[in-house]
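Dear colleague,

Please find the structure for your review below. My notes on the contact between the chains follow it.

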2 protein chains.
Amino acid sequence: MALDNPFYSPQMQGPYTLQSVGRFELEDGGVIPDLQLAVATYGELNADRSNAILIPTWFSGTHATWEQVYIGPGRALDPQKYFIVVVNQIGNGLSTSPHNTDDPSIAMSKFPSVRIGDDVRAQEQLLRETYGIDRLALVVGGSMGAQQTWEWAVRFPDKVLRAAPIAGTAQNTPHDFLFTQTLMEAITSDPGWNGGEYASNADVAAGLSRHADIWAVMGLSTDFWKTEFWRGVPPLVEGQGWDTFEEFQDRFIRFLFSAMDPNALLSMGWKWQRGDVARNTDGDLAAALGRVTAKTFVMPIEQDMFFPPRDCAAEQELTPGSELRVLSSIAGHFGLFGFEPSWMEQVDTNLSELLAAEVDGR
Amino acid sequence: MALDNPFYSPQMQGPYTLQSVGRFELEDGGVIPDLQLAVATYGELNADRSNAILIPTWFSGTHATWEQVYIGPGRALDPQKYFIVVVNQIGNGLSTSPHNTDDPSIAMSKFPSVRIGDDVRAQEQLLRETYGIDRLALVVGGSMGAQQTWEWAVRFPDKVLRAAPIAGTAQNTPHDFLFTQTLMEAITSDPGWNGGEYASNADVAAGLSRHADIWAVMGLSTDFWKTEFWRGVPPLVEGQGWDTFEEFQDRFIRFLFSAMDPNALLSMGWKWQRGDVARNTDGDLAAALGRVTAKTFVMPIEQDMFFPPRDCAAEQELTPGSELRVLSSIAGHFGLFGFEPSWMEQVDTNLSELLAAEVDGR
């Protein structure tokens, strides 16, 4: 029986609809008998279906941050101009996930391994079958959303006119693999995790807290902490602000990750570790990226501790018609949360330019 | 009764002598009834006692790496010219530490909190009482050794002619505090740690392994892993080399940290988190660094994930007569291990120049 976790409710995340893509066979051999994708849309699809934008989600993230921070009138991601579809990734707690399914064949510890390619194939099917979309004006995503963006551009080059992978790579690096491993070990080392068969995420509170503590180190930057930038971050719960960095760590980072489902984080972690577009080309990364026909802006964050610009630049150089656009945020990787006004200025400027760019012959 | 741990034996670490500085009262209120410092010396003290160099050790480190990598004829740290004293920090497993004392008042979980200032006072007493040294030609150390180097230059300015803090700060940053916390949580979350009352470090194998895995992420650099630099690192045990990054992680990083004592790592971690020369000046960092009269080369490592050059540069700018000398290593912080010939070239060039520098009026 599915576990109740209010963090993933529409009350917490904002409205979304569950859309079935039916029985779904996974690249690693497993099957999800009835794959439900949690989808949120903004704006209207135009008559010739040429104004669709797809946004896949990041690790631990949902459509909510995109709705609250990135999408709005006057922004590059303007629902008055575009039909914007945010698809929550498989296993993120909203789409079919270990804790929210009633199907005993895939519940909890039995949840099958899901890869980036599975998400992208499921999204392609959803867009085609539900909306009749066979060409995207833009695919944009951050972090694991960037992994999916890259996979879209390589796997379905004819369907992607423009691509904007932000703070993520096409081929996961060994360093990232090891980093994700520490995040996963923080959870699985908690006896309360019980091999994935816990009764409530609260049983894994200690592991989720340690998981959050690693994010505090790797997700942000030394400058974020040193300059006490957190003083300007609004509290998550009214009256529960912070006067010290320890309080910010506890009431923002631990608070957020402790609300999540451990198996969902592990499912996404396993997927993140193995993101690799070269699976489409027998391991040849240059060949994979050489397939890309989208106009592509590769957008790493300067202070990112685990997707540093040099790793993203190496992939950009292998991608025809791409440009490197380095973003800056004192928050490092968590710049994606949009803590700073300057963040959205940079994102909007780049995405607006990308969306305005003519795409040859298409 | 002291625990037997062969990692800390002279067979593993090379020769050292235990020298007592007697009953030692600690800044945080505890007492070590008979503080033994593990000391290794190289070269001869000259007649006017003007050729002494002090090297304090880093987190998890001992005198052995200094002996094997940094000290030798023809190097800047030349035992034919200098009397070089490497003092293992308190709690490092060789000097008096939780696991190696027979005194029940301080054994294991009862080991008192030790601060950087305690190490520096104990070293000063040792040098004065044992060798009659009251002036050091140079203090040089890496990481927590840099913390001690800074503390020496601030606390005993008349005794330090030259200082070279490598890859470490005078005042620990919040980011570093949080990073060290994850290292400590990896150990204390292991039920085998048992509140510090284990029978053998093997009881804490899982925690030590997770501790090592965090080092694999933060201690090295994305480039170290991506370029497979580890292929050129010689095996620790003959015949136990590596063909994959997972094997290197297991047979080098986990192997090394799993041999250590958990309580020793925790004692050093607590100390590292609180390193702060401004404790000498009521919290005023500028006033503390303003005390420094040593000729000082501040030497961060460009790719260091947790002591980045910008944090070290900020302190250098507050230090009279200092210079910033940024070192480069693909290994990031673990560049300190001296994996690359180019590492020792940089260190030797800078230390030779520093040792040749005239020090005004002294």
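**Interface of chains A and B**

Between chain B and chain A, ten residue pairs (both at pLDDT 80 or more) are in polar contact, meaning a pair of N or O atoms within 3.5 Å, where within protein one must be able to donate a hydrogen and the other to accept it, and residues adjacent in sequence count only if both atoms are side-chain atoms. This is a predicted model, in which local features need pLDDT of at least 70 and side-chain atom pairs count only at pLDDT 80 or more, whereas totals for chains, interfaces and linings use all residues. Residues are numbered from 1 along each chain as its sequence is written, chains are lettered from A and ligands numbered from 1 in the order in which they are written, and side-chain values use heavy atoms, with hydrogens and water left out.

The side of chain B that touches chain A divides into 13 nonpolar, eight polar and nine charged residues; here Ala, Val, Leu, Ile, Met, Phe, Trp, Tyr, Cys and Pro count as nonpolar, Asp, Glu, Lys and Arg as charged, and the others, Gly among them, as polar.

Six salt bridges (a side-chain nitrogen of Lys or Arg within 4 Å of a carboxyl oxygen of Asp or Glu) are found across this interface. One of them joins Arg310(A) to Asp223(B), with the closest N and O atoms 3.0 Å apart.

In total, 30 residues of chain B are in contact (heavy atoms within 4.5 Å) with 30 residues of chain A. The two chains bury about 2900 Å² between them, 66% of it on carbon and sulfur atoms; this is the accessible area (1.4 Å probe) lost on being put together, summed over both. Of the area that chain B buries against chain A, His175(B), Leu178(B) and Thr222(B) supply 21%, more than any other three residues.

Yours sincerely
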